[in-house]
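Please look over the sequence and the model before turning to the points below.

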Amino acid sequence: MELHGITKRFPGVVANKDIELKVRRGTVHALVGENGAGKSTLMKILYGVQQPDEGTITVNGHAVALKTPTDAIDAGIGMVFQHFMLADNLTVLENVVLGAEKLHGIGDRARAKIRSISKEYGLDVDPDDLVEVLGVGARQRVEILKVLYRGAKILILDEPTAVLVPQEVAELFDNLRELKAEGLTVMFISHKLDEVLSVADDITVIRRGTTVATADPKTTTARQLAELMVGSALPNPSTEESTVTDKAVLTIDAVDLDGGVGQRKVLNNVSLTIHAGEIVGIAGVEGNGQAELVEVIMGMREPTSGRIWLDDKDISDWEVREIREAGVGYIPEDRHRHGLLLEAPLWENVILGHQTQAPNVKGQLIDAKAAKADTEAIVHDFDVRTPSITVTAGSLSGGNQQKLIIGRELRHQPRVLIAAHPTRGVDVGAQASIWAIIKKARREGMAVLLISADLEELVGLSDTLRVILRGGLSAPFDPDVVTREELGAAMTGADGHGHGEQEDTK
Amino acid sequence: MKLSPRRILMGAAAPVLSIVVAMVVTSIILLIARDPVGDVWAQLLKVPNPRLLIAIGNSAVVLYLSAVAVAIGFRMNLFNIGVDGQYRVAAFAAATFGGQAWLPGWLNIIVSLVVAMGAGALWAGIAGWLKVKRGVSEVISTIMLNAIATYLVAFLLQKVAMSAEGSNVSSTKKLPESSRVPGIPVTIGEQQREIYGLLFLAVLVGFLYWFVLNKTRFGFDLRATGGSETAAVASGVEVKKMVLTSMICSGAVAGLVGMPLLFGQDYAYGSTFQPGLGFAGIAVALLGRNHHLGMAFAALVWGFLDQQSNGLQINAGVSDRLVGVIQGVIVLSVVIAYELVRRANIALEQRNVAAALAAEKAKTQRDAAEVSA
């Protein structure tokens with residue numbers, strides 16, 4: 001497959017410019033670049049979701065026009081999305097044949113075909129399993145199988161390891177090598193460089209929408225690759241000397257949260273203490289109770305049992321607003337859903353979450369003038385890049401939206417900061433400044449709960465690390481000595497500990 | 001949000017566009033039905049005489065109140081379809097109370113208005129309570145409550161009715177002369193006319209609507225909930241409380257809808273009391289984009305069409321129901337047009353922000369280059 005001179009413009013921005021990419025048959029080709037470098041756009045072009053303004057795509061020497069995903073499939077290009085598109089309540093067979101009923105029917109012929117593909121590529125998928133009982137790694141293999149079933153010869157995997165723990169990543173890479181050995185071509189999109197170096201045969205680096213370099217994984221180091229990606233020296237999340245005090249600010253005591261009827265507990269006997277000047281990091285595969293833990297602390301959900309203390313006040317039964325007023329800052333995981341009013345101007349977004357606090361209000365009235373002045377200060381202090389404070393929040397880039405949220409939370413000098421994935425989806429520059437802001441807050445004695453999927457960020461920033469699995473917390477790890485494998489084992493439960501019970505013995 | 005020429009243009013584009021679309025669609029319908037297109041538009045678009053002008057103004061007053069009631073819900077994504085039932089219940093309650101003349105003159109008017117607001121709020125509150133406690137969609141419950149209101153009021157009217165001799169029109173006891181609101185005299189050309197005295201009530205409600213929504217904490221919470229319920233919850237808004245409160249506010253305003261009619265024209269609630277104002281209010285709120293001034297404009301357009309339709313049958317030989325078609329098409333196309341304009345606005349804003357930032361960046365780079373040179 002060859003891409004030549006691909007250019008895609010969106011209003012005001014050029015998402016892709018003169019992309020040059022040559023993928024050899026029977027190889028794993030990695031496309032690396034930081035968030036916002038234009039990887040997604042390129043992928044959408046390859047999958048026929050968007051059309052390039054200029055440039056050509058050739059597959060096996062033939063020029064192809066990819067106008068719809070069907071065209072892409074016809075050209076032998078298959079896409080495995082980062083977010084799985086599977087129906088939980090259907091079997092693997094049903095998921096695979098859905099939309100491809102004409103190929104091999106929906107019965108035994110299809111079943112046999114799935115079995116043979118599974119065997120051929122070592123995917124280890126049983127067509128009659130219900131998808132809901134499968135783990136994340138197996139679901140991903142179902143996605144791959146779905147694509148192979150439709151006859152794809154070129155597989156594009158979009159950040160396939162983002163949802164996997166280290167052990168599952170190793171398995172995935174074995175699968176990819178298998179595919180390669182069978183003569184298929186894999187395009188692997190990632191920004192995790194160690195992984196790229198371990199699996200890829202060729203690497204293309206994309207920066208600011210254009211391909212800037214190709215690299216040979218055998219002779220390139222992760223650091224060199226990263227500098228190619230960023231175009232400059234790298235930021236580093238590591239903290240300075242400890243500022244942890246023995247003053248407990250937020251104490252979570254044996255909190256349980258029930259799931260639905262017949263479901264296991266979403267939070268299981270969670271106990272956690274965060275001291276002033278301490279960052280406690282929570283690692284874990286997504287969906288193991290992180291979001292619920294945050295919601296319980298913030299008062300958006302009531303715990304089934306257990307207490308939560310802020311200093312010596314029991315805040316378990318408080319409303320969100322009282323908890324916020326008492327000095328708990330909140331950086332939500334999904335800033336579009338929980339952090340911003342996208343169609344409201346920046347200054348109104350700065351009021352959001354603090355609509356009972358100075359300087360935003362005078363009695364029952366909104367003090368627009370003071371709120372605007374405060375917004376100007378936040379935009380200045382936290383380096384939010386915006387032409388004015390009256391533009392809508394939705395028109396800013398992700399990194400600037402996040403800086404606005406962090407600025408608004410820190411502006412009210414919280415005692416505790418709940419930061420859920422604070423650097424998700426922001427560019428490297430914004431990531432570095434967000435890390436610096438969190439570190440500064442810690443030095444000033446704030447208690448920080450950091451939830452992240454980025455192990456590097458967790459290890460670099462945290463004073464104490466805990467792993468959450470099926471709603472239970474592991475014993476603390478020391479981020480200075482813990483290895484990725486140890487964390488990975490705790491994240492999947494492969495370390496033999498069922499979490500949640502450990503707090504009792506402590 | 002600042003008022004820039006672009007904003008005003010974008011704001012006006014959608015309603016104007018949809019009125020044009022409605023005119024085109026209506027003309028097509030007329031052509032298919034072989035009706036005189038020219039005569040119809042000549043009748044609908046002719047300059048109204050002073051009597052009609054006053055009628056347009058009067059119906060706009062009532063429609064505006066109804067639109068505000070609907071808009072309070074709309075601003076937080078709450079669809080109060082039940083303004084129709086709420087204003088009937090309220091008008092009946094106020095007429096029954098006021099007719100008793102327990103209180104003298106103006107005091108009777110004021111307390112009757114309060115009764116109306118209370119009755120409307122109570123009726124809407126049922127839907128709010130059901131939504132908060134049982135998760136019943138307010139769309140379903142308010143529609144049901146409309147039907148219940150119609151029959152309940154008809155039933156109760158029989159209990160208190162004062163049927164005039166030789167007429168099958170039944171109505172509540174007439175308000176005493178001292179408790180009627182005199183019209184505001186208006187001079188149009190040579191003629192002396194009167195517009196509803198409760199015009200001032202509509203103006204007051206409009207002002208409060210603007211003030212509360214845009215200037216108070218409560219209004220901010222309400223708009224935040226409408227903008228993004230999840231973000232509002234995370235910011236500390238108790239959404240259930242907001243649902244109940246705004247439903248009650250909406251109902252209270254809905255309760256006022258029938259008041260200009262009651263105190264300025266009919267002086268009693270009867271089986272001939274003007275129906276359908278609640279549904280018209282939904283249309284006016286949509287056309288006026290929930291904006292305090294936009295809805296006033298929309299109410300005038302609606303009133304204009306309503307009144308101009310009266311002469312259709314006589315002057316053009318076409319049923320006045322045609323205006324219902326025009327109004328329906330306006331609403332349909334205005335909803336589509338607003339969505340298009342909204343998206344265009346978002347895209348335009350993103351482009352402007354990106355362009356402004358790019359320009360700024362280029363400038364700093366140039367400055368840096370100059371410094372180093």
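In which order do the four strands of the open sheet in chain A stand? The order is β12-β11-β14-β15, with antiparallel pairing; strands pair if DSSP finds at least two bridges between them. This is a predicted model, in which local features need pLDDT of at least 70 and side-chain atom pairs count only at pLDDT 80 or more, while totals for chains, interfaces and linings use all residues. Residues are numbered from 1 along each chain as its sequence is written, chains are lettered from A and ligands numbered from 1 in the order in which they are written, and side-chain values use heavy atoms, with hydrogens and water left out.

**The sheet of chain A**

- Strands β12 (267-275) and β15 (313-314) of chain A stand at the edges with a single partner strand each, so one side of each has no neighbour in the sheet. Here strands (E, at least two residues) and helices (H or I, at least four residues) are DSSP runs, numbered from the N terminus.
- Two bridges join β15(A) to strand β14 (residues 305-310) of chain A in the antiparallel sense.
- A:Trp309 has A:Asp314, in β15(A), as its bridge partner.

**Chain B as a whole**

- Chain B has 15 helices and two strands.
- The C-alpha trace of chain B spans about 100 × 55 × 40 Å along its principal axes.
- Of its 373 residues, 48% count as buried, where buried means under 20% relative accessible area, exposed over 50% and partly exposed in between (1.4 Å probe, protein chains only).
- Among contacts (heavy atoms within 4.5 Å) in chain B between residues at least 6 apart in sequence, 74% join residues at least 24 apart.

**The hairpin of chain B**

- Strands β1 (residues 184-188) and β2 (residues 191-195) of chain B run antiparallel and are joined by five bridges.
- B:Val186 stands opposite B:Arg193, which lies in β2(B).
- The hairpin of β1(B) and β2(B) has two residues between the strands, and B:Gly189 takes a positive phi near 60° there.

**Two buried residues of chain B**

- B:Thr26 belongs to helix α1 (residues 5-32) of chain B and is buried, because its relative accessible area is 0%.
- Leaving aside residues up to four places away in sequence, B:Thr26 touches B:Trp41, B:Leu322 and B:Ile326.
- B:Thr26 and B:Val323 are 297 residues apart in sequence, yet 9.1 Å apart in space, C-alpha to C-alpha.
- B:Ser59 lies in helix α3 (residues 50-74) of chain B and counts as buried because its relative accessibility is 15%.
- B:Ser59 touches B:Gly303 and B:Gln307, again not counting residues up to four places away in sequence.

**The interface of chains A and B**

- The contact involves 37 residues from chain A and 29 residues from chain B.
- Between them the two chains bury about 2,900 Å², 60% of it on carbon and sulfur atoms; buried area is the accessible area (1.4 Å probe) that two parts lose on being put together, summed over both.
- Three salt bridges are counted between chain B and chain A, each a side-chain nitrogen of Lys or Arg within 4 Å of a carboxyl oxygen of Asp or Glu.
- A:Glu343 forms a salt bridge with B:Arg342, with the closest N and O atoms 2.0 Å apart.
- On the side of chain B that touches chain A, α7 (199-215), α8 (217-227), α9 (229-234) and α15 (322-372) of chain B each supply at least two residues.
- The largest share of that side, ten residues, comes from α15(B).
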